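Work through these exercises with the model open. Each task is followed by its solution in steps.

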Amino acid sequence: KVVIISNLQQWSVDVSSLFKNRFESLGGSVIAEYSIDLAESNDYRSVIAKAISDKADIIYAPVTEGMSVFFIQLRDNGYAGKAITSDVITDNIIQVSKGATEGVYQTLVMDPQNREKTQHMINLYKQKYGKDPKLVLFNAWGYDAVQVIAEAAKGCSDSVCIKDNLYKINNFNGASKDITFNENGSSPTYPNIVVVRNSTLVLVK
């Protein structure tokens, strides 16, 4: 039995909806959904109390603001079940949550590992800004977007040609990954599942 807690913010709402649809399609049960309006409050205690009263086995909470507050209040309210979120837990959130994120699972696209193109991008960033990038994956995505468009624009004189060439991109050596566009014009990146263990994000195998 899962209870979903979200913010009235587009990303949080969208991720919650995607999770619910997929979870229920696999036979899972979402027994309640609660949202917090961040314009009014980032106090989650009332909805946490409702989730506990609902006897939730799992709370899925892709909250976007007050993440550390949420996890501290979840712990302080005595919730003993599993908690899952998406993308929002960082090393800083773990630190300021003072142990409240321990055991929390989340889906996360991890930084690219052991790629020469990633290191090349990092070196270019350091030459430009004099420091290491803090968000390697996001920097890699931005870098790759420019590089892929430049590749698709070769020999083109109009946007239609560039668009058509984008669909032909196959195994392009990017800083984030090898990039191939599908028939929908996207190049999906699939997340990993990690858990906070001893104040560190650990890959779940």
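**Exercise 1: Contacts of one leucine**

Find the residues that Leu-74 contacts, leaving aside its neighbours within four places in sequence.

Solution. Contact means heavy atoms within 4.5 Å. Leu-74 touches Ile-48, Ile-59, Tyr-79 and Ala-83. This is a predicted model: local features need pLDDT of at least 70, side-chain atom pairs need 80 or more, and totals for chains, interfaces and linings use all residues. Residues are numbered from 1 along each chain as its sequence is written, and side-chain values use heavy atoms, without hydrogens or water.

**Exercise 2: The buried side of H2**

Which residues of helix H2 (residues 45-53) are buried, and why do they lie on the same side?

Solution. Buried means under 20% relative accessible area (1.4 Å probe, protein chains only). Helices are DSSP runs of H or I, at least four residues; strands are runs of E, at least two; both are numbered from the N terminus. Val-47, Ile-48 and Ala-51 are buried. They cover an arc of only 105° around the axis, so they share one side of H2. The arc is taken from the directions from the helix axis to the C-beta atoms. The buried residues of H2 pack against strands E1 (2-7), E2 (30-36) and E3 (58-60), and against helix H3 (67-76).

**Exercise 3: An aromatic pair**

Classify the ring pair Tyr-44 and Phe-70.

Solution. Rings of Phe, Tyr and Trp (its six-membered ring) pair if their centres lie within 6.5 Å; planes under 30 degrees apart are stacked, over 60 edge-to-face, the rest tilted. For Tyr-44 and Phe-70, the centres are 5.1 Å apart and the planes at 85°, so the pair is edge-to-face.

Terms used. Buried < 20%, exposed > 50% of the residue type's maximum accessible area, 1.4 Å probe, protein only.
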